[in-house]
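This report covers side-chain pairing and packing in one protein chain.

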Amino acid sequence: MAREDRTMDAAAEKREKWMARFQVRLAMQPGVDRAVVLQAVKEVTAHCAETGEHPRTHFGDPDAYAVEAAARLVPADRAARAKRHNGVLKTVESVVKKIRDVPGL
């Protein structure tokens, strides 16, 4: 394999890793659904295709950009509702765990 091909493969692999991490972190944000992930990925992909830049060059850290993109793309009321829901689930999980730890139950 030619040196240039290996360099291009390495660049493509780095781009794919950035995108994968971004998608996972974005999906974990409160209120984010499939449509939001697809829209954000489309925006990043379009920018990188137009400019030839690596996503990190323009968007920075994928974790930080996921938080930023979620804040921009998810309506505030939906994000707040998801945060409340997640809080309730964590509380219920904690109670269930404590009940399981009680001997004889």
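Four aromatic pairs are counted in this predicted model. One of them is formed by Trp 18 and Phe 22, whose rings are stacked, with 5.3 Å from centre to centre and 25° between the planes. A pair of aromatic rings is described by the distance of the centres and the angle of the planes. The angle of 25° between Trp 18 and Phe 22 counts as stacked because it falls under the limit of 30 degrees. Both residues belong to helix H1, where four residues, or about one turn of the helix, separate Trp 18 from Phe 22. Trp 18 and Phe 22 are both buried. A single aromatic cluster takes in Trp 18 and Phe 22 together with Phe 59 and Tyr 65.

In soluble globular proteins, nonpolar side chains tend to be buried together.

Which residues does Leu 26 contact, leaving aside its neighbours within four places in sequence? Leu 26 is in contact with Val 32, Val 36, Val 37 and Ala 40, and also with Ala 66, Ala 69 and Ala 70.

Ala 66, Ala 69 and Ala 70 are among the buried residues of H4, as are Pro 62, Tyr 65 and Leu 73. An α-helix has 3.6 residues a turn, so residues three or four places apart point the same way. From first C-alpha to last, the 12 residues of H4 reach 16 Å, close to the 16 Å expected at 1.5 Å a residue.

The remaining topic is charge pairing. Side chains of opposite charge can pair when their charged atoms come close. Across the whole structure, five salt bridges are found. Three of them are listed here.

| Salt bridge | N to O distance | Relative accessible area |
|---|---|---|
| Glu 13 and Lys 17 | 3.5 Å | Glu 13 44%, Lys 17 56% |
| Arg 21 and Asp 63 | 2.7 Å | Arg 21 39%, Asp 63 22% |
| Asp 61 and Arg 56 | 4.0 Å | Asp 61 35%, Arg 56 45% |

The salt bridge between Arg 21 and Asp 63 has its closest N and O atoms 2.7 Å apart. This pair links distant parts of the chain, since Arg 21 is in helix H1 and Asp 63 is in helix H4 (residues 62–73), 42 residues apart. Arg 21 is partly exposed, and Asp 63 is partly exposed as well.

Glu 13 and Lys 17 also form a salt bridge. They are separated by about one helical turn, because they stand four residues apart in helix H1 (residues 3–27). Glu 13 is partly exposed, whereas Lys 17 is exposed.

In the salt bridge of Asp 61 with Arg 56, the closest N and O atoms are 4.0 Å apart. Asp 61 is partly exposed, and Arg 56 also counts as partly exposed. Elsewhere, salt bridges with shared partners join Arg 21, Arg 25 and Asp 63 into one network.

Note on methods. Residues numbered from 1 in each chain as written. Predicted model: local features only at pLDDT ≥ 70, side-chain atom pairs only at ≥ 80, totals over all residues. Heavy atoms only, no water. Salt bridge = Lys/Arg side-chain N within 4 Å of Asp/Glu carboxyl O. Helix = DSSP H or I, 4+ residues; strand = E, 2+ residues; numbered from the N terminus. Buried < 20%, exposed > 50% of the residue type's maximum accessible area, 1.4 Å probe, protein only. Phe/Tyr/Trp six-rings, centres within 6.5 Å; stacked < 30°, edge-to-face > 60°. Contact = heavy atoms within 4.5 Å. Expected span 1.5 Å × (residues − 1).
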